[in-house]
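Here is a set of questions and answers on one protein chain. Keep the structure open while reading.

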Amino acid sequence: MAPDPVAIAFANTRSSSHRDRIATLTQWRTWIDAWPGFRTAGNAVDADGLLALRETRDDVQLLLHSATGGGRPAPGPTARLLALARSASSLDLRWQHGRPTLAALPDAPPAWVIAQHLTRAALDLLLTGPPLMACQGQDCLKLFITSRPDRRWCDTAVCGNRARVRAYNDRRQHGHATNLNQDGSTQ
Ligand SMILES: [Zn+2]
């Protein structure tokens, strides 16, 4: 299976309302390490920069979710992303180990360059990419692209399994209550 586009991977770092996979600089550096082209700017991000990036990430996630049938997103996140996408770029390239990496021009915050780049990647995905789908797992905020219209979960071993367990427990509770009624039991 091909890896998700970076805009989806970025949005999916907020995997549920209570789980942020880039909540600390250590987590951020782990995430950025999987994208070698972002390492130069990514490793230069400081704590304030990460806070701003996480806000942009939440806006990107709302925007991408709006393309899964959820309707137009709230105006605030879209306006913030468009302002970021329209602003002049401070993008630079630096070669590391024979490959180009994203870098910031002097005096430009590295986090801002990454946020702008990922925002533009999200817009490009919306305008020219394949259809997006949202995981149907309870509390799951992840998005994915798929060639299978019947795919429901970001990961069948996680969200799919949780849903199966929940459905099993619901059936068991319901079946138990039905038996009590048929038996005429008052308990
Ligand atoms: Zn999921």
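## Salt bridges, burial and domains

Arginine 14 has a relative accessible area of 17%, which puts arginine 14 among the buried residues. The model is a predicted one.

Q: Which residue forms a salt bridge with arginine 14, and what separates the closest N and O atoms?
A: A salt bridge counts when a side-chain nitrogen of Lys or Arg is within 4 Å of a carboxyl oxygen of Asp or Glu. The partner of arginine 14 is aspartate 58, with the closest N and O atoms at 3.4 Å.

Q: Is aspartate 58 buried, partly exposed or exposed?
A: Buried means under 20% relative accessible area, and exposed means over 50%. Aspartate 58 has 24%, so the class is partly exposed.

Q: Aspartate 58 also forms a salt bridge with arginine 57; what is the distance between the closest N and O atoms?
A: Arginine 57 is buried, at 0% relative accessibility. Its closest N–O contact with aspartate 58 is 2.8 Å.

Q: Which residues are linked with Arg14 in a network of salt bridges?
A: Aspartate 58 pairs with arginine 14 and also with arginine 57. The network links Arg14 with Asp20, Arg54, Arg57 and Asp58.

Q: Which parts does the salt bridge between arginine 80 and aspartate 59 tie together?
A: The closest N and O atoms of arginine 80 and aspartate 59 are 2.8 Å apart. The two residues are 21 apart in sequence, so the pair ties together helix 5 (residues 75–86) and helix 4.

Q: Which residue of this pair, arginine 80 or aspartate 59, is buried?
A: Arginine 80 has a relative accessible area of 47%, so arginine 80 is partly exposed. At 7%, the buried residue is aspartate 59.

Q: What distance does helix 4 reach from its first C-alpha to its last?
A: Helix 4 has 19 residues. At 1.5 Å a residue, 27 Å is expected. The reach in the model is close to that, at 27 Å.

Q: Where is glycine 49, and what is its relative accessibility?
A: Glycine 49 lies in helix 4. Buried residues of this helix include Gly49, Leu50 and Leu53. Glycine 49 counts as buried because its relative accessibility is 9%.

Q: Which residues form a nonpolar patch on the surface?
A: Leucine 93, in strand 3 (residues 91–96), is partly exposed at 44%. The patch has about 320 Å² of accessible area together, and its members are Leu91, Leu93 and Trp95.

Q: How far apart do the C-alpha centres of domain 1 and domain 2 lie?
A: The domain assignment gives domain 1 as 6–149 and domain 2 as 155–187. Their C-alpha centres are separated by 39 Å.

Q: Which feature does UniProt place at residues 133–172?
A: The span is 42% helix and 12% strand. Its end C-alpha atoms lie 31 Å apart. The unreviewed UniProt entry gives the feature as "domain: Zinc finger CGNR".

Key:
Residues are numbered from 1 along each chain as its sequence is written. This is a predicted model: local features need pLDDT of at least 70, side-chain atom pairs count only at pLDDT 80 or more; totals for chains, interfaces and linings use all residues. Side-chain values use heavy atoms; hydrogens and water are left out. Domain bounds come from an automatic or database domain assignment. Buried means under 20% relative accessible area, exposed over 50%, partly exposed in between (1.4 Å probe, protein chains only). Helices (H or I, at least four residues) and strands (E, at least two) are DSSP runs, numbered from the N terminus. The expected span of a helix is 1.5 Å times one less than its number of residues. Patches are made of residues with over 30% relative accessible area and no salt bridge: like charges are joined within 9 Å, nonpolar side chains (Val, Leu, Ile, Met, Phe, Trp, Tyr) within 5 Å. Accessible areas come from the Shrake-Rupley method with a 1.4 Å probe; for residues, only the protein chains shown count as cover. UniProt positions are given in the numbering used here, feature names are shortened, and annotations may be inferred rather than shown by experiment.
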